[in-house]
Amino acid sequence: MVFYFNRMRKIILILLLVLSVVPSVWAQKRSKGPGSINEVQGQAFKTKRNDRVADFTNAYKIDDEYYAIGRKAHVEVTSLIWLFIGHEYKSDFVIYRLDTKMNYREMTIIPADFFGHDVQSLSMVKLGNRLCALFYFNNKKQMRQYLFAQMIDINSLKLEGRPYKIAESPITKRDKNISCIFNVQVSDDHSKMFVITDRSNVSVSRRERKAAASQKGHTFSYWLINGEMDLINSGKNVKMGKGNTLLVGQVSDNAGNMCLLGYEAATAAKGKKSKKNDDEQNAHSESKLVMKIIKPSGEQTDMEFGKGEKFYSASMKLNPNTGNVAVVALIASGKGGAKGIFSQQVNLASGEMGDESTQLFGVDMVSEMSKLKPPANSKVKKEKPAKKNRKSKGSENAGPADYIYNLVRLGSIHYTDSNEMIITTQKYYTYTVTYTTYDSKGHASTHTVTYHVYGDIISFKLNELGEIENFGYVFHRAETAAGDIIRDYSSLYKNGKLYVMTTSSGGMISLDNKVSAIQPFKERDINQRKVMYSQFIYVSETEMLNVVASRKKLLFSRYSVRLD
Amino acid sequence: MLLLPLFMNAQTRKNSSDEPDDNQIEKYLKDGRGVSRKNLIRFRLGSAAAGYFGLSYERKVVGNIGVEAGFYVRPFSYFLFEEMRLNDGITGKKLSIDLQSVHGGMGLLLHPKYYFSGKQKRMNSGYFMGLRGTYRTFNADVSVYSNQIGEFPQKDVKASSTAILFTCGSHQRLGSRMVWGIEWGMGVGWDAYKKLDYGTMDANNKPVIQHTNGVSKFTSGYIMVDLLFGFLF
């Protein structure tokens, strides 16, 4: 009897132990732990065919409601006997008002029509305590492109006053249908709007690029406007860099200091090879980053850095805490991948430059990354390493790689609370497939399709000196034949946590030189086969909206960082 | 070709002309294209070449669905050409008909269409597909062929023609108020001729004239290309 009781006691103790563990395990599976992404998915709702949105440009959170702003598009067809050519024009703005659960509440249309004339919508920004709808119009008689702004009351979404013409730029006869030349950026406190006009904003032909490269200087025009639609300052034909300079970014701070970043490509020396020394030869041909700071008074400061370096991509971001603009670029290795990160900090108010930082990845870091493997349950396979150049096969050992193959795209720059930087980068490459088809007579016809592949996402943490402290790695692969979408992920950062989201999955990225796994999002309550596009819309550093559009429905979801 | 003037006219201070301006918006929008219009009156060159003169009115009634309705008269006799028939009236068990000339009569047009491009409710431009129905009356000089005796001419036969064509086409702006466009169509038509006489053989193998008091019907295929000009208002 005693023996039986002891045995039962043991069984009961074991049962109690098990029961005490299971609920906590069960609870962890059901709830999202600290540091994960909050995901709120709304109900898919039907849209009328005539109100369908071609793309979404902005989103705002006002009180407890969210406003997603999109643009309709319409096609105009030109017919030439048997040939019909369609041209798409962006038209009316559509504003969807959503509640905190991402359910549809109301839709408002802001027509792209001024006094019976069709104009094209650009974007809608928050300026002051109002919304500002931006439109552009190509006047084919005056040969000018105009930028218009229509102010809108933020609560009632009703138009306020007449539209303003705020900027203009000449266009040529060939530019009658050109897209918007203007770039608009609003300061963090929404008090000022910085408009620039630069032809590098629109695609240009090879001939035009050559003509631009032969020009001595690159020029642009700018306007700085406040929330009351008063002009603070403007400049026309302002020079920045040589003719082939490509505008990379623009930013303005709350005080109205404006900053532009450009990349000036190397130019070949003309004529016979001179007998100049190496330094003069290099000075003539080196590439560099050029920056121009313009104060609200019009005072300009020019600076250049990164001389002689070639970059795959560059970006800049303003740190509102320090007033510094950080320029970050991926240094090209010339072998199909970045070999390091360049960074430079400039104080926007004083124009004071920090030290340049050129951080090479080095063999050790590249080797460490190459040994990483995808998580066990991941569907993504590790990309094959780059093929060795046959020509160099017979040459001396090239040694281990010091560059990351296919790493060519720079993503976002985030600031930590201690003013260090977290940057996201992505591998990207293209491949072409040629298809041959035969008709009934045996005649062959071929067509070539270019596939764009968006690969692994690598995040780097840079300290204040621009030195790489550590990295985070996410295995990822997505490809599309529909053209280059630049990048297929978005990132959020807050309280020391970085989150990366693709259209189907997301998660926290740990910057500990290891692989991070991202988890699939909730299954979208929309017919996947009929999805036309899925897009992330930036709301703030800690929140993003995602919209999935099918032919007849829209579905909004909200992703936000858990703030513990 | 491309760029703004270099270094010349560089402006580093604001100019009063750069101030945001809400007074002269209409000036910036004037480029000869005119405002958007909802109504369109059309003149069909193809119909005119076939002798039918008239106008049609079109408007988008619901969303991207438009309806065109027209009325035509035929003041002259056989003009340039008749609408092309794929098989010239060959049907029926006994008769075939050859249209020699056409005169008089009138025509009605009803053409609902769906616009794939262009702004809603605006008639400025668009690419469409539609179903065009026409009803025409006319007097015709014909030659009737029977399977027994050859050609038998007849004059002033009263006739009507009904056709339904599947169409596609587009129109685009020409200046501020005018549009021009092109339309393609393919379909089927039914011609009806009243009181046709035709020749036949009697029991003794002698040729006799057979009178019909009713209507002789013929079915034809149609193809059509039309050039259109319109006025927006």
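Modeller: Here is a predicted model, and what follows is a chat about the labels we put on it.

Colleague: Let's start with D118(A). Why is D118(A) called buried?

Modeller: Buried means under 20% relative accessible area. D118(A) has 16% relative accessibility, so it counts as buried. You'll find D118(A) in strand β8 of chain A, residues 117-118.

Colleague: And what is D118(A) in contact with, leaving aside neighbours within four places in sequence?

Modeller: From chain A there are A112(A), D113(A) and F137(A), and from chain B there are S36(B), K119(B) and N124(B).

Colleague: What makes the pair of D118(A) and S36(B) a polar contact?

Modeller: The cut-off for a pair of N or O atoms is 3.5 Å, and one atom must be able to donate a hydrogen while the other accepts it. The side chains of D118(A) and S36(B) come in at 3.4 Å, and the pair is listed as a polar contact. The side chain of D118(A) also makes a polar contact with the side chain of K119(B), again at 3.4 Å.

Colleague: How many residue pairs are in polar contact across the interface of chain B and chain A?

Modeller: The rule finds 18, with both residues at pLDDT 80 or more. On the side of chain B that touches chain A, the elements giving two or more residues are α1 (25-29), β6 (151-174) and β7 (178-194). The largest share comes from α1(B), with five residues.

Colleague: How do you know that D113(A) and R122(B) form a salt bridge?

Modeller: A side-chain nitrogen of Lys or Arg has to be within 4 Å of a carboxyl oxygen of Asp or Glu. For D113(A) and R122(B), the closest N and O atoms are 3.1 Å apart, and they form a salt bridge. The count between the two chains is five salt bridges.

Colleague: How many residues does the contact take from each chain?

Modeller: It takes 52 from chain B and 62 from chain A. The area buried between them is about 4,900 Å², and carbon and sulfur atoms give 55% of that.

Technical notes. Residues are numbered from 1 along each chain as its sequence is written. Chains are lettered from A and ligands numbered from 1 in the order in which they are written. This is a predicted model: local features need pLDDT of at least 70, side-chain atom pairs count only at pLDDT 80 or more; totals for chains, interfaces and linings use all residues. Side-chain values use heavy atoms; hydrogens and water are left out. Contact means heavy atoms within 4.5 Å. Buried area is the accessible area (1.4 Å probe) that two parts lose on being put together, summed over both. Helices (H or I, at least four residues) and strands (E, at least two) are DSSP runs, numbered from the N terminus. Buried means under 20% relative accessible area, exposed over 50%, partly exposed in between (1.4 Å probe, protein chains only).
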